[in-house]
Amino acid sequence: KERQEVAVQQQQQQQQQQHAKGAEDRDEANERVLRQFDLASKFGPCTGMTRLERWERAEGLGLKPPKQVRDLLEKENTRNECLWEGRI
């Protein structure tokens, strides 16, 4: 019985680790999308404004920024600062 409990605990730990890895991969993929948006000059400069402000400006100018970027920016834990913020 004790071995079964240990095996169940190990299985639960593995599942938690896999879940955490999946979340990390998703966060990394989301950050890649946002960095691509930052680097896309067709949406105008990104210094001095947040990513969301830049997205809204591009939308207002009819530049059709990716909806996925706005969706990501509306999530709670997404960095809204441009890639270049504090670097230039």
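Me: How many salt bridges does a search of the whole structure find?

Reply: Side chains of opposite charge can pair when their charged atoms come close. A salt bridge is counted when a side-chain nitrogen of Lys or Arg lies within 4 Å of a carboxyl oxygen of Asp or Glu. The search of the whole structure finds six. This is a predicted model, in which local features need pLDDT of at least 70, side-chain atom pairs count only at pLDDT 80 or more, and totals for chains, interfaces and linings use all residues. Residues are numbered from 1 along each chain as its sequence is written, and side-chain values use heavy atoms, with hydrogens and water left out.

Me: Which residue forms a salt bridge with R51?

Reply: The partner is E31, with the closest N and O atoms 3.3 Å apart. This pair links distant parts of the chain, since R51 lies in helix α2 and E31 in helix α1, 20 residues apart. Helices here are DSSP runs (H or I, at least four residues), numbered from the N terminus. E31 and R51 also belong to a network of salt bridges with D38.

Me: Is R51 buried or exposed?

Reply: Buried means under 20% relative accessible area, exposed over 50%, and partly exposed in between (1.4 Å probe, protein chains only). R51 has a relative accessible area of 1% and is therefore buried.

Me: Which salt bridge does K67 form?

Reply: The side chains of K67 and D71 meet at 3.0 Å, N to O. Because they are four residues apart in helix α3, about one helical turn separates them. K67 is exposed, at 57%, whereas D71 is partly exposed, at 36%.

Definitions and conventions. Helix = DSSP H or I, 4+ residues; strand = E, 2+ residues; numbered from the N terminus.
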